[in-house]
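Please keep the sequence and the 3D view at hand while reading.

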Amino acid sequence: MKLKKAIVFSTNASNIASLCWGANSLAQESVAIVLGTESQAKEAAAWAGKVLWLGEKAPEAMAESYTGAVAELLKKEQPELLLMGCGTRDRCIAAKLAVRLGAGVITDASSLELDDSGAVLAKRNVFGGAAQATVKALGLGIVLTGGGFEETAPAASGNVEKVEAQPEDMGIRLLASAAKQEESVDIAVAKRIVAVGRGLGAQENLAAAESLAAKLGAEMGCTRPIAEEQHWMSRSRYIGVSGATVKPELYVALGISGQVQHMVGASSSKIIVAINKDAKAPIFQDCDLGLVADMNKVLPKLTELL
């Protein structure tokens, strides 16, 4: 059983493909609402059966100013599900849409499926990652998810329909914007990840982990202390209960103890390989392959062999 229609929307255009994979797996028809450039709308058309293009955001408007335009499209299209990203702007828009449409919002969904009645069931971590709740969306469900859906082949090229949309007056104007001084990585869609924890020891040891990642064609990830306490890596690479949730084909955990707050973000990986010098580290209960060793001694040899 599938839903009749699912719509995807995100203020971050790079999330559209992953969200469409989810929509295509759950619904007979997928529609993408795009606020961005014409090229971004055309790219979305490779994944969605139809694209509703709102045009580019007005220079002084906030993304939330287009809530009304999105709400009108949802009323017209009558989807059973709206998939959105987990970004700050998407969360704001989801809350506003819920009020206007009387819809329910499910945040930080790690996976989605349909029950026998066709209702959407979302799994999400609760109690700091110590447990997982299954939540049912009643009526129109607005689900915010980091993606991680199984990759599917692009759908037949969908049509791009230009929609006239004017931003609402929120009493706020965007005066200027500047890029963050740190990198931005969408680690949630990475196929292979090499992640480091406190066992790294020192920042200069990152080079060995990065060499391994390069050999594997993997993205680098980390635990919360590495990003938020040591500041050795950007927060966009932090995996865990308040960071990214990932589902790669291969997850290599280096010097990571495997506390639940981290593993809730990585436990859905298909294969987990762990290297830790503490034989009693919890991660050895969750990994597929484990090696009790000092990662800083093992990595050069492992990289050489690869």
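What covers the buried residues of α1? In this predicted model, the cover of the buried residues of α1 includes the strands β1 (3–9), β2 (27–34), β4 (81–84), β5 (104–114) and β8 (141–145), together with the helix α2 (38–44). Helix α1 itself, which spans residues 16–26, is mostly covered, with 10 of its 11 residues buried. Those buried residues are Ile16, Ala17, Ser18, Leu19, Cys20, Trp21, Gly22, Ala23, Asn24 and Leu26.

Helix α5 (residues 206–216) and helix α8 (residues 295–305) have axes that lie 9 Å apart and meet at an angle of about 25°, and because angles under 35 degrees count as roughly parallel, α5 and α8 are described as roughly parallel to each other. The crossing in which α5 passes α8 is left-handed. The residues that make this contact are set out by helix below.

| Helix | Residues in the contact |
|---|---|
| α5 | Ala208, Ala209, Ser211, Leu212, Lys215 |
| α8 | Leu299, Leu302, Thr303 |

Sorted by class, the contact of α5 with α8 holds five nonpolar residues, two polar residues and one charged residue.

The last stop is a single side chain and its neighbours. His262 belongs to helix α7, which covers residues 260–263, and His262 counts as buried because its relative accessibility is 7%, where the cut-off for buried is under 20%. When residues up to four places away in sequence are left aside, His262 touches Cys222, Thr223, Ile239, Gly240, Tyr251 and Ile256.

Definitions and conventions: Residues numbered from 1 in each chain as written. Predicted model: local features only at pLDDT ≥ 70, side-chain atom pairs only at ≥ 80, totals over all residues. Heavy atoms only, no water. Axes fitted to C-alpha atoms, helices over the stretch in contact; angles between N-to-C directions. Helix = DSSP H or I, 4+ residues; strand = E, 2+ residues; numbered from the N terminus. Parallel < 35°, antiparallel > 145°, perpendicular 65-115°, else oblique. Left-handed = near helix turned anticlockwise from the far one by under 90°. Contact = heavy atoms within 4.5 Å. Nonpolar A, V, L, I, M, F, W, Y, C, P; charged D, E, K, R; others polar. Buried < 20%, exposed > 50% of the residue type's maximum accessible area, 1.4 Å probe, protein only.
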